[in-house]
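User: Please examine the complex shown here and answer my questions about how its chains meet and how it is packed.

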Amino acid sequence: MRIFAPTTREEVSEAVRSLPRVHPLGARSKPALSAALDPAHTLDLSGVRGVLDYDPAEFTITALAGTPLAEISAVLGEHRQHLPFDPPFGGHGATLGGAVASGISGSGRQRYGGVRDFLIGVAMVGGDGAVVRGGGKVVKNAAGFDLPKLMVGSLGTLGALVELTFKVFPQPETYRTLRFEAGGFERAHRLALRLAAAPFDLEALDLEPAAVGTSGHAVARAAAPAWRVLVRIGGPADSLLERERRIESFAGLEAEPLDGASDDELWGGVREASWLPEGHRLIRVPIAPTEAQPVEEALGQHGENGSVPVRRYAAGCGVLWLAWPPQRSLVELDEVLSSHRLAGQVVRGEAPCGLLGELAGLAFYRRLKRALDPQLRFPDLADLQAPRAAPHDRRAAET
Amino acid sequence: MSATSPDLDRLRRIFPPDRLLERAAELATYESDGLTAFRSRPLAAVLPESAEEVIAALGWCSEQGVPFTARGSGTSLSGGSVPVEDGLVIALNRLNRILALDPQDRVAVVEPGVINLDVSRAAAPHGLYYAPDPSSQQVCTIGGNVAFNSGGAHCLKYGMTANHVLGLVAVLPDGEIVRLGGPRAEGVGPDLVGMYCGNEGLFGVALEITLRLLVRPERFRTVLAAYPSLEAAGDAVSAVVSSGLLPGALEIMDRLAIEAAEAAVGAGYPRDAAALLIVELDGEAEAVEADFARLEPLIRRTGASSIRVAADDAERAAIWKGRKSAFSAVGRLSPDFLVQDGVVPRARLGEALTRIERLAAAADLRVANVFHAGDGNLHPLILFDGRREGELERAEELAGRILRMCIELGGSITGEHGVGLEKRAYLPEMFERDSLDAMWRIRSAIDPHLLSNPGKMFPGGEAPALAARGLHPLERAGVLSRV
């Protein structure tokens, strides 16, 4: 078997043209997303790497898709800039292309938005092997169809990403995190919603069970744990104390402040999901903030065998991160998510498939798939979904 | 177009006479849009009052092979809502209901004919607003904003329309209804909502749009600085962005634009300035004050001849009023004008302005400059008199030279107005053949009969039905091919 490990755009084109089936992958820091695919068809893009263009005054950076996030962070960090959507798993080797293809943003998306809000240009190799470009290298651009948006969350199903341009922002001088021990879920959730609707510029706003450490050992096994609200602010050091006092007074609670290394360590742990208990599957479920309450009721229950999944709510309750216990089936979760009309992504851990629940817009996706990959060289979203018995297959009915 | 004329009787069964316009006098309004140089006569216009009527109108178009153009208030500056000759205009202004507004999830669900500013008005009691603010926000509609991925003065920090659309229900040109995204800020799977935005009317009609609302910043600090030259104002922009500050808006106006704005609305701008810079910080009070403490001395070091800081909301509004009225104000200086929308990398703004000045002099035309300096989005307003022999042609040629310059400098032919009718000849200069080919295949997969606003974005202006049967104009020109 010929192993394809391209290092240039041209080599990616050549590989795509010469293979009947192609599954583009980066550094496999989110391995469950591609678990359903036959490894024989892997196109390893981690060698297509390097920063091509970075001008700090322009607020843009262009790099090849296989460039590790860590390298990007280091390059941007020299000029006190960053990718504000805070892509996770850099410590696991995650690449820029993987961040786009998975569509996953971190807790830092709270401030300015997610990966969709910062990707401004792409070059990808479509099903016919040709390099297709969309967007550009300037931060504002309305020419042609918005292919950069389409690539966000595309999971390698529409083409192989080769080159990406991002808008970048200045990084706050200093950060500080306020840790509120907020009591039961309802109270904590209410506080999070109030904070999100207040005119505070928050870098992150997460909700986690008080017993979840960032070290990965302590796990909330109780069905009704105590919750804490994590509020991160950033800016010139001289303004942070005053802002902190105001947020505390608004919350009507005293917070434990974290700064410097302890703030870094906390969010570094969140970024790498180091709280994920051994053997658990990590699942990402986008929700609307008010959906957290019903979701909590549906998922914060003991399973038949006594296990409770760990829940962590990020970005003002805009994303649920779920640690699904090894002894419980993903089919069960797939059904719960579908019944709430939610979609989920299995990111890490042993899993037969990467996508759960209900996906929106598949009819529109099919048309785009036909246009960009008529030869069906790349996997289809359906290949990544949980297999289902026919009567439950709502998605087949929709398409 | 089909050989027989379309069966209007069937359309008359869907729309009552007062909402189906067929007479020339009634149709005059719909013959052009904000790009007044283009004009064409539609077959008829319908004024639907429900999503069902829009779907029925598209069904009629599909059955009769009649092309259609959906439009809102017709403020497009790229000719995006100029109708197709003998096509149907679907005027969406009556679909203007805000269907839901959830202050906790911070989303609003609106119909396409809702006016941009009305979303912020409805959200205001909850301390929320809708961020994208095109200059025409008092009249332009969300449907048009979605179709053209409209921008505004705050795009560097807050993004464009697509960044604020979370979900939509759309009817595709062949009648299929699709639901993309939803009420959630993130999704699983490809960002189809984002892809739908900016389609320039080629993907059917968005019937229901879910918008992200932001918390209204509690503090603004708006600085108006006057400079003796455009270059000095441009340098000030570079100084601000490389300082690590992230202003909500960074705008520049040149002498001609200042004069025009003053004459029109009396914003109180210093009249002796060659260039004005508006810098606005927004956000949490203490954070804005901390940033302002850094911004003010920085601006003082940039050689401004005068600096004014808005003391209150009224002064801030006055500063913005002049800026937002600049387009129409410049219109008073001249019988006709063209607005360009090119983008250049911010670091090359000074170079771009110097070249525009030179190109304008060579064309013997006046150009006023109003632009979003923070994101390098230029808006040269080319003044001309259409009654004078050859002036329109000269103005268009100058506009074309400016667009080519933007491409050459590594920018884009459009920052926020879209390609439309106006700039479609330039799309192949910005994207290579393979990319255009892929975009054309996307367009064809979504609208196989090419009925949805044909003639926009892609070069060539042939009758759409001909293009559907024969070669696409791009193919004929050898620019692209279907593999």
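Analyst: Two residues are in contact if their C-beta atoms, placed from the backbone, lie within 7 Å. This is a predicted model, in which local features need pLDDT of at least 70 and side-chain atom pairs count only at pLDDT 80 or more, while totals for chains, interfaces and linings use all residues. Residues are numbered from 1 along each chain as its sequence is written, with chains lettered from A and ligands numbered from 1 in the order in which they are written.

User: How many residues of chain B are in contact with chain A?

Analyst: The contact involves both chains, with 73 residues on the side of chain A. Their partners in chain B number 79.

User: Which element gives the largest share of the side of chain A that touches chain B?

Analyst: Helices (H or I, at least four residues) and strands (E, at least two) are DSSP runs, numbered from the N terminus. Elements giving two or more residues to this side include strand 7 (131-135) and helix 7 (237-251) of chain A. The largest share, eight residues, comes from helix 11 of chain A.

User: Why is helix 11 of chain A described as largely enclosed by the rest of the structure?

Analyst: A residue is buried if 20 or more other C-beta atoms lie within 10 Å of its own, exposed if 12 or fewer, and partly exposed in between, with C-beta atoms placed from the backbone. Among the buried residues of helix 11 of chain A are A:Phe364, A:Arg367 and A:Leu372. The helix is largely enclosed because its buried residues number eight of the eleven.

User: What is the mean pLDDT of chain A?

Analyst: pLDDT is the predictor's confidence in each residue, from 0 to 100. In chain A, 92% of residues reach 70 or more, although pLDDT stays under 50 over residues 214-220. The mean pLDDT of chain A is 92.
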